[in-house]
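This report describes a protein model together with its ligand. Please consult the sequence and the structure shown below while reading.

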Amino acid sequence: MKAILVSRHGGPEVLEYTDVDAPVPGEGQLLVDVSFAGVNFIDTYFRSGTYPSEPPYIPGTEGCGRVVDDPRGEIAPGTLVAWHDAPGSYAEQVAVDRNRLVAVPEGVAPEVAASMLLQGMTSHYLLHGVRETAPGDTMVVTAGAGGVGLILTQMAAAEEATVYSVVSTDEKERLAYEAGAAKVFRYGPSLAEEIKAENGGRGVDVVYDGVGKDTFEMCLDVARPRGLVCSFGSASGDVEPFKIQELKSHGALFLTRPSLAHYVATDDEFLMRAQAVTRAVEDGTVKIRVNPPYELKNARQAHEDLQARRTTGSVVLAV
Ligand code: NDP
């Protein structure tokens with residue numbers, strides 16, 4: 001089968017379109033013909049070696065496609081399913097754990113299904129896991145027009161939270177407003193002050209930051225006393241080591257660095273979040289904005305665009 005292979009760590013150029021053996025499903029897995037593979041920022045961390053991975057490997061964990069065969073005969077061949085955690089998803093076929101997939105409802109396009117679970121369940125656990133969102137909560141969302149950013153903003157706005165979104169371009173600003181942001185800001189040295197001025201100088205209840213290194217100081221500055229800084233990603237690089245006393249001097253803040261895996265730790269928790277996301281997409285509460293799909297063989301271009309901040313919303317590969 002055709003697949004993308006990473007034979008060594010490096011930049012987008014190490015993503016090689018080639019022929020590999022088809023996967024053999026293990027115990028509890030199904031073989032699936034991939035229709036679309038989701039592209040996520042975390043794929044770039046594994047590719048570069050920032051997160052541990054052992055080349056050669058096929059990247060990608062997320063996607064949507066049709067069941068080829070279920071050894072247990074429970075799921076009919078041809079059923080359209082979506083998953084978020086099947087390593088090797090940048091390929092024509094992948095083995096998916098049967099307890100970690102959802103059936104795609106009619107009316108949800110396959111490219112949308114391919115990119116809804118990882119970013120959608122992340123948004124869900126940020127709002128209902130890391131802390132419980134209540135109407136009237138105030139929050140900052142950085143990279144507000146990215147894959148997670150747009151979904152998180154829509155979910156939070158639907159729950160009557162006030163979202164202050166941070167983006168880098170006019171087009172991203174437009175998308176963040178469309179998603180329900182109350183006010184959209186640009187990065188800069190006075191960002192925390194500008195946001196605080198908008199909410200009466202109080203600071204926000206929670207900061208959701210997927211940018212990392214470049215925005216961490218701002219996160220500490222913009223959170224209200226006893227507020228939460230949730231540093232869930234590092235698109236600009238890892239947050240530098242810092243002194244824990246900083247949390248005290250910024251107002252007895254709470255700080256967490258969560259990961260999706262810990263918030264879908266059991267099959268039940270996965271199902272709860274996956275169903276919540278699928279329902280929200282099906283009933284239109286969340287509209288997933290998918291970039292024009294890249295062909296599988298152009299995975300390199302997809303990574304280049306994602307890392308160069310050229311994409312908005314979600315990114316998928318058409319297989
Ligand atoms: P995005 O679509 O949000 O793409 C990244 C965005 O980050 C860019 O579009 C850009 O938006 C912003 N950005 C700011 N500075 C930089 C920089 N120096 N280089 C590149 N991008 C930058 O990606 P995802 O939605 O896939 O992921 C967002 C973040 O969330 C990532 O850090 C990812 O690792 C993390 N994540 C964490 C999870 C978890 O459970 N902990 C799960 C899923 C994602 P702008 O131009 O507007 O600044």
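Which residues does UniProt list for "domain: Enoyl reductase (ER)"? The unreviewed UniProt entry lists residues 10–317; such positions are given in the numbering used here, feature names are shortened, and annotations may be inferred rather than shown by experiment. The end C-alpha atoms of residues 10–317 lie 20 Å apart, and this span is 31% helix and 24% strand. Helices (H or I, at least four residues) and strands (E, at least two) are DSSP runs, numbered from the N terminus.

The model is predicted: local features need pLDDT of at least 70, side-chain atom pairs count only at pLDDT 80 or more, and totals for chains, interfaces and linings use all residues. Residues are numbered from 1 along each chain as its sequence is written, and side-chain values use heavy atoms, with hydrogens and water left out.

**The ligand and its surroundings**

| Protein atom | Ligand atom | Distance |
|---|---|---|
| Gly 210, backbone N or O | oxygen | 2.8 Å |
| Phe 232, backbone N or O | nitrogen | 2.8 Å |
| Arg 257, side-chain N or O | nitrogen | 3.4 Å |

Taken alone, the ligand exposes 900 Å², and the protein buries 92% of that area. Accessible areas come from the Shrake-Rupley method with a 1.4 Å probe; for residues, only the protein chains shown count as cover.

**Salt bridges**

Side chains of opposite charge can pair when their charged atoms come close. The structure holds 17 salt bridges, each defined as a side-chain nitrogen of Lys or Arg within 4 Å of a carboxyl oxygen of Asp or Glu. In one of them, the closest N and O atoms of Asp 70 and Arg 98 are 2.4 Å apart. Asp 70 lies in the loop between S4 and strand S5 (80–83), and Arg 98 in the loop between strand S6 (93–97) and strand S7 (101–103), so this pair ties together parts that are 28 residues apart in sequence.

Is Asp 70 buried or exposed? Asp 70 is buried, at 5% relative accessible area, and Arg 98 also counts as buried, at 12%. Buried means under 20% relative accessible area, exposed over 50%, and partly exposed in between (1.4 Å probe, protein chains only). Arg 98 also meets Glu 74 in a salt bridge of 2.9 Å, N to O; Glu 74 counts as exposed, at 55%.

**Backbone features**

Most residues other than glycine have a negative phi, and most peptide bonds are trans. A cis peptide bond joins Pro 55 and Pro 56, with omega about -5°. Ala 252 has a positive phi, near 55°.

Notes. Polar contact = N/O pair within 3.5 Å; in protein donor to acceptor, adjacent residues only side chain to side chain.
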